[in-house]
Amino acid sequence: MKLAISAVEPHINSPFDARFGRCAFFIFVDTETHAWEASPNPALTSGGGAGTQAAQFIASQGAQAVISSSFGPNAYEALQAAGIKMYTALAGLVENIFGEFVSGELEEFSPPPDSGNNTWQGRHKRSRI
Amino acid sequence: MNNGTKQLVVLSGKGGTGKTCVTAALAHLASKDNPPVSLVLADADVDAANLELLIKPRILESQDFRGGQVAVIDEDNCQGCGVCAAVCRFEALHANNGTYRVDPIACDGCAACVTQCPEDAISMHEQIVGRWFRSESRYGPLFHAALRPAQDNSGKLVTLVKQHARLLAMDEGRQLALVDGPPGIGCPVISAASGADLALIVAEPSRAGVHDMRRVLSTTAHFGVPSLVCINKADINPEGTIEIETYCMQHGIPLAGRIPFDTGVIEAMVQGEPVTVYRPESPASRALHAVWVRVSDELQETPA
Amino acid sequence: MIIAVASGKGGTGKTTVAVSLALAIPSGSTTFLDCDVEAPNAHLYLEPKFTLHKDVGLPIPEVDEQLCTACGRCAEVCQYHAILVLAGKVLVFPELCHGCGSCTLNCPEDAIREVPDVLGKLEAGPAANGINFARGMLNVAEPMAVPVIRQLKNWQPFPDSALVIRDVPPGTSCPVVESILGADFVLLVTEPTPFGLHDLRLAAQLVRDLDLPAGVIVNRDGIGDSQVDEFCCEAGLPVLMRIPMERRIAESLARGQPLVESSPEYLPRFQELYARIQSLIEANGKEVQLAQIELVS
């Protein structure tokens, strides 16, 4: 399957970029063949909505899993809806993080417990007029 | 923040309560602590960035900030049909001599007009709406910005300034990111508070100050940022001070201290220094020492 | 006539000045508009009784899943990344939405309708001295103040007002611009300190970009230095009033007492201020008229 990893530079030896929505590049790796390609993150210079834009981008590239450091509530919701599994890593080289993923060392991301009213419990719900 | 860097944001709700003076004093006191706390500073009040007036930064790097985009009409192709103005929700399109013109200040950048123009005469252009700076200050690296007046996207610029501060803090293993926040409770404040480990609310005990303190505390609570309150110009309205203390007690919000009204603060500002540097024995300076102790204790208790 | 009271820097005394001006004018048809929808304070001084209320809604897209083909056009046109199409489903993120209507317009299946989402409220009613009071209030955790301010201005709960005084939020970005747009005159309230000066420059630039006549009020005069005065001189900004720093005044304002009440000697001063503003508008009026003729003919 195709895996996306947030990166600082456009190659497999790049340092890991901890930000999902505003990372500089995504490295897409095929977990079977280990072939990889790098794409610039279109959401890098976004106004609001970097998380949703980045989620849409990796979904459009066919990613089925993504590794970053943390995911904001909008990105989380979008990635969940797209069925893309989220994993976390802290730092290192993309290549090594890929290795950790393959050997099952990486943890799945879970949203922080009840951090604020409605940012994490589904969409920001306003009342209707 | 990762790797142990903690982030403190200084907010107020009401403008003019003393956020910047307090931030500068805390930066000074943190850097003089025993052992000194390594800092990175960020001025998130991008509309009216004043922190630099107290910490004498030397600019090392400056970059254009590209904010949103605005629509531009090619007058040669415009047939004056007015469909653009009909779909614009921001009153940004006006008839002018048989064609239409975009008001760049009113334009929100939605591009609805672009999609509806039958002549394809409209295109979106990115705008340079400000600059951001990386500087060296006496207390550590400072990231700050200046948004051009009348511009949109302060939230985006705040996020950018904080991101740079965050990355540098990670790279250099700095212990604390100190963020001077903007007034209000909207988008720039939400961006400034996002990701903070702790918010220090600088409240003034006027009726207006208490009213707005509640609103900003609701905001930080909503976004899950633990807060504490210090009362500035505390002797200006003793009733107000009691109201703030009661409110904080009822809501489990720690009090970081009371700072008396002190002309030394303005004298120090005129000299371009934090009050703790210029008038270290003044009542405000003494109170700020106590505030720093309380804040730094609270920071140590927040999970990394 | 519409007078906007702004400053750039927070806490210089905009509300103090705006409220004093409203109380000093015996017009009987003055509307006070508190445009600081994030942190409104004027009600603490003018004590309005709110009789009119209106929710502020932003039109948010709602997709009819029966008609939707997941073509993705809505996501393509949305400049704010507030609507996404993922795994054949449409997701809307209301807090990112600017209510522009583009997705709705561009859906080839007509599958989107707009439903107002509440992000704040408007309130109006009579206040002290026969002043008509209206304000907007942004709901906590909502990022966008501008739609609330815009709807407040358009609401017009008191259509026959001869004078409208707008209390503008601090800063120089879009909520401030929205609050000032349409005004005939901008009063810039500042304090004679380095912070006051720094932010007054920005506010002055804004007023120049908006091409509006302006004047300055120096509040807490005496606390800092003379650089603000020097700047006003260079910039050609008339200093229309000075309010000296007095602890007694600061304390009564802190208690919520308007300046012209704790210090009635200011009443005639604010009346004079109003008269000066009127003549400054007329003096600028001619040039403004000509400029408009050039643009519109």
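**Note on the predicted model: strands, loops, helices and a chain contact**

1. Start with the strand pair β3(B) and β6(B). Strand β3 (residues 58-73) of chain B pairs with strand β6 (residues 122-137) of chain B. The sense is antiparallel, and the pairing covers 13 bridges.

2. Which residue of β7(B) is the bridge partner of Ser135(B)? It is Leu142(B). The link between β6(B) and β7(B) is a hairpin through 2 residues. As background, side chains in a regular strand alternate between the two faces of the sheet.

3. Chain B has another hairpin to check, made by β4(B) and β5(B), with 2 residues between the strands. Strand β4 covers residues 93-96 and strand β5 covers residues 99-102. They run antiparallel, joined by 4 bridges. Ala95(B) has Tyr100(B) in β5(B) as its bridge partner. In the turn, look at Asn97(B), which has a positive phi of about 55°.

4. Is Glu91(B) buried, partly exposed or exposed? There are 14 other C-beta atoms within 10 Å, so Glu91(B) is partly exposed.

5. Compare a loop in chain C. Asp211(C) lies between α7 (194-209) and β10 (214-221) of chain C. Asp211(C) is not a glycine, yet its phi is positive, about 60°. Asp211(C) counts as exposed because it has 10 other C-beta atoms within 10 Å.

6. The bond from Asn34(B) to Pro35(B) is cis, with omega near 0°. Pro35(B) belongs to the loop between α1 (19-31) and β2 (39-43) of chain B.

7. Now the helices. Two packed helices are described by the angle between their axes and the distance between the axes. The axes of α1(B) and helix α11 (residues 283-301) of chain B come within 10 Å and cross at roughly 70°. The two helices are therefore roughly perpendicular to each other. From α1(B), the contact uses Ala25(B), Leu26(B), Leu29(B) and Ala30(B). From α11(B), it uses Leu288(B), His289(B), Trp292(B) and Val295(B). By class, this contact has 7 nonpolar residues, 1 polar and no charged ones.

8. Chains B and C touch. In this contact, 51 residues of chain B meet 52 residues of chain C. On the chain B side, several helices each supply at least two residues, among them α4 (112-116), α5 (154-172) and α9 (263-271). Which helix gives the largest share of that side? It is α7(B), with 8 residues. By class, the chain B side has 20 nonpolar, 23 polar and 8 charged residues.

9. Finally, confidence in chain A. Its mean pLDDT is 84, and 86% of its residues reach 70 or more. Read residues 115-129 of chain A with care: pLDDT stays under 50 there. For this stretch the model has 30 contacts beyond four places in sequence.

Notes. Residues are numbered from 1 along each chain as its sequence is written. Chains are lettered from A and ligands numbered from 1 in the order in which they are written. This is a predicted model: local features need pLDDT of at least 70, side-chain atom pairs count only at pLDDT 80 or more; totals for chains, interfaces and linings use all residues. Two strands pair if DSSP finds at least two bridges between them. A residue is buried if 20 or more other C-beta atoms lie within 10 Å of its own, exposed if 12 or fewer, and partly exposed in between; C-beta atoms are placed from the backbone. Two residues are in contact if their C-beta atoms, placed from the backbone, lie within 7 Å. Ala, Val, Leu, Ile, Met, Phe, Trp, Tyr, Cys and Pro count as nonpolar, Asp, Glu, Lys and Arg as charged, and the others, Gly among them, as polar. pLDDT is the predictor's confidence in each residue, from 0 to 100. Axes are lines fitted to C-alpha atoms, for helices over the stretch in contact, and angles run from 0 to 180 degrees between N-to-C directions. Angles under 35 degrees count as roughly parallel, over 145 as roughly antiparallel, 65 to 115 as roughly perpendicular and the rest as oblique.
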